[in-house]
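Please examine the sequence together with the three-dimensional model before reading further. The explanation below is meant to be followed with both in view.

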Amino acid sequence: WQGKCEKPCKCKFGWAVTNIPHLPYMERIDWSQFPLVNEAEFARQPEAILRRDVLNKFHPSQRHDLREKMRKMLPGWVYGVGNPVTSDSVGGVAEYAWHSILHAIDEMHNSSANFTTA
């Protein structure tokens, strides 16, 4: 996450390289409502990028809405609670990830059901 670009990374950030979002939980979050942030720039100067790409571009009510959406998703970002070796208290990442996988399978099944061969 330190902004390093190691293979297969290209020396740009994900959105500019692929034009395809590669963010988690796309079936739960409409990422198009969030600002695009250059990850390498953000790693170098987070406060300036946050100010430029979020604080100066979004009305306070829009920022509040974005925070609310992320707050509702909070369990999906937590891997576990407590000591990583001895704790048996898990966060919501596993459940959210399985939901995403099942959603992707359903999407693939639905799209292949519409495919017919001659």
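The model shown here is predicted. Its protein chain contains five helices and two strands. In sequence order, these elements follow the pattern α-α-α-α-β-β-α. Among contacts between residues at least 6 apart in sequence, 44% join residues that are at least 24 apart. The accessible surface of the chain amounts to about 9,500 Å², and carbon and sulfur atoms account for 58% of that surface. Of the 118 residues, 17% count as buried.

The interior may be considered next. In soluble globular proteins, nonpolar side chains tend to be buried together. In this model, the largest nonpolar core comprises 10 residues. Its members are Y25, I29, W31, F34, V54, F58, L66, M73, V93 and Y96. When neighbours within four places in sequence are set aside, F34 is in contact with I29, L66, K69 and M70.

Attention now turns to helix 5, which spans residues 93-113. Is S100, a residue of this helix, buried or exposed? S100 counts as buried because its relative accessible area is 16%, below the 20% cut-off. Apart from neighbours within four places in sequence, S100 is in contact with Y25 and E27. I101 counts as partly exposed, because its relative accessibility is 39%. I101 contributes to a nonpolar patch on the surface, together with W98, L102 and I105. The four residues of this patch have about 430 Å² of accessible area together.

The charged residues complete the picture. Side chains of opposite charge can pair when their charged atoms come close. How many salt bridges does a search of the whole structure find? The search finds five. One of them joins R28 to E27, with the closest N and O atoms 3.9 Å apart. E27, which is also a contact of S100, counts as partly exposed at 25% relative accessibility. R28 is likewise partly exposed, with a relative accessible area of 33%.

Another salt bridge pairs E41 with R52, and here the closest N and O atoms are 2.9 Å apart. This pair links distant parts of the chain: E41 belongs to helix 2 (residues 39-44) and R52 to helix 3 (residues 46-55), 11 residues apart. E41 is partly exposed, with a relative accessible area of 22%. R52 counts as partly exposed at 40% relative accessibility.

R52 also forms a salt bridge with D53, in which the closest N and O atoms are 2.7 Å apart. Where does D53 stand in terms of burial? D53 is buried, because its relative accessible area is 6%, under the 20% cut-off. The residues E41, R52 and D53 belong, with K57, to a network of salt bridges.

Notes: Residues numbered from 1 in each chain as written. Predicted model: local features only at pLDDT ≥ 70, side-chain atom pairs only at ≥ 80, totals over all residues. Heavy atoms only, no water. Core = buried A, V, L, I, M, F, W, Y, C linked by side-chain atoms within 4.5 Å. Buried < 20%, exposed > 50% of the residue type's maximum accessible area, 1.4 Å probe, protein only. Contact = heavy atoms within 4.5 Å. Helix = DSSP H or I, 4+ residues; strand = E, 2+ residues; numbered from the N terminus. Patch = residues over 30% accessible without salt bridge, like charges linked within 9 Å, V, L, I, M, F, W, Y side chains within 5 Å. Areas by Shrake-Rupley, 256 points an atom, 1.4 Å probe, with all protein chains shown as cover. Salt bridge = Lys/Arg side-chain N within 4 Å of Asp/Glu carboxyl O.
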